[in-house]
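Subject: Structure handover

Hello,

Here is the structure I said I would pass on. My notes on it follow below.

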Amino acid sequence: MSLGSAATHPETLPATTSPPYERDGAPDPDPGARPRVVPVRRTGQWIAAAVVILLLAMAANSVARNKAFQWDVVGAYFTSSSVLRGLGLTLWLTAVVMVAGFALGTLLAVMRLSANPVLNKVSWGYVWLFRSVPVLVQLLFWFNIGALYPTLGLGIPWGPEFVSVHTVNLFGPTAVAVVGLTLHEAAYAAEVVRGGILSVEKGQLEAAQSLGLGRGRTLRRVVLPQAMRSIVPPAGNMLIGALKGTSIVSIIAVNDLLYSAQLVYHRTYQVIPMLLVATLWYVLVTSVLSVGQHYVERRYARGTAGAR
């Protein structure tokens, strides 16, 4: 068939050509002749959703109407001065531990990636040791460090000491909590930072070297800013974990949030309400940190497919 005949006889057009009423935007004259799209019925999902809602409603009703929770006592102690002081110490301890832990962890990560075999092995050994020992054992060890070293000194090995201090004066309960938790978090932070650094493409390092940047400046200006995209999500999880993990320092009588609640219920025997006070504060602070983590992640994920 020639092109001239196809242009002269429109009925010879291919079957894929749209009908005139679709091309012109006119309504379909015979909608019944076209297939009707029927949405898939998801009966099982709706039944499961109804069951879940019913269970949640039953749980909420049980919590609200159970007098053993003593919600009036929870409201009375929720903003009490002793609880707020414990909350302040918990937040301070979390901030100090995370900042010091990531500073030490970054140093350990750089040592682990170093070509120097001594630095590499020392960093590996530190991470292996402190990830292997439970944090509670570490705290108890540091709390009883005076039994091993009554004094700590600085001087020449097998020679005179220039400075010495009694450990009983150096390591109080709060100092033990800071040292123990920092050393523990640094081991995990080192692996997080190392993974972030390894996620940066080698071409970025080569480009920095071609511009004449030193290794230190390349790390600060090129590697770490790009590695933050991989560091921030696990770092946010570590921050929330550190906040909850500070509750373990109550075992060495550090007056944190949990220990403050314990002091109250040891005096009033209102165990459940005071535990609820501590729980609600942990949930509230964790929720705020989770929101902050979301926005920080979105900031460092700009320009990627996963950014929202």
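Start with Val 249: apart from its neighbours within four places in sequence, Val 249 is in contact with Leu 93, Leu 139, Ala 177, Leu 181, Val 254 and Asp 256. Contact means heavy atoms within 4.5 Å.

Before going on, a note on the source: this is a predicted model, where local features need pLDDT of at least 70, side-chain atom pairs count only at pLDDT 80 or more, and totals for chains, interfaces and linings use all residues. Residues are numbered from 1 along each chain as its sequence is written, and side-chain values use heavy atoms, with hydrogens and water left out.

Cores

A nonpolar core is a set of buried Ala, Val, Leu, Ile, Met, Phe, Trp, Tyr and Cys residues joined through side-chain atoms within 4.5 Å. Buried means under 20% relative accessible area, with a 1.4 Å probe and protein chains only. In the largest nonpolar core there are 23 residues, and Leu 93, Tyr 126 and Val 249 have the most contacts inside it. Two or more residues each come from α5, α6 (117–132), α7 (135–143) and α10. The most come from α10, which gives eight. There is also a second, separate core of 16 residues, including Val 74, Leu 243, Leu 276 and Val 277.

Overall

The protein has 14 helices and two strands; these are DSSP runs (helices H or I, at least four residues; strands E, at least two), numbered from the N terminus. Of its 308 residues, 28% are buried.

Pockets

A pocket is an open set of points on a 1 Å grid over the protein atoms alone, where a 1.4 Å probe fits, with protein on both sides within 12 Å along at least five of seven lines; lining residues have an atom within 4 Å of a point. The volume is the space filled by probe spheres set on the points, which are joined across faces, edges and corners.

The largest pocket has a volume of about 590 Å³. Its lining has 18 residues, and Leu 113, Leu 205, Arg 215, Leu 219 and Val 223 lie nearest the centre. The helix α12 gives the most to this lining, with five residues.

The second largest pocket has a volume of about 190 Å³. Here too α12 gives the most to the lining, with six residues. Among the residues lining this second pocket are Met 98, Phe 102, Met 228 and Leu 289.

Regards

Conventions:
Buried means under 20% relative accessible area, exposed over 50%, partly exposed in between (1.4 Å probe, protein chains only).
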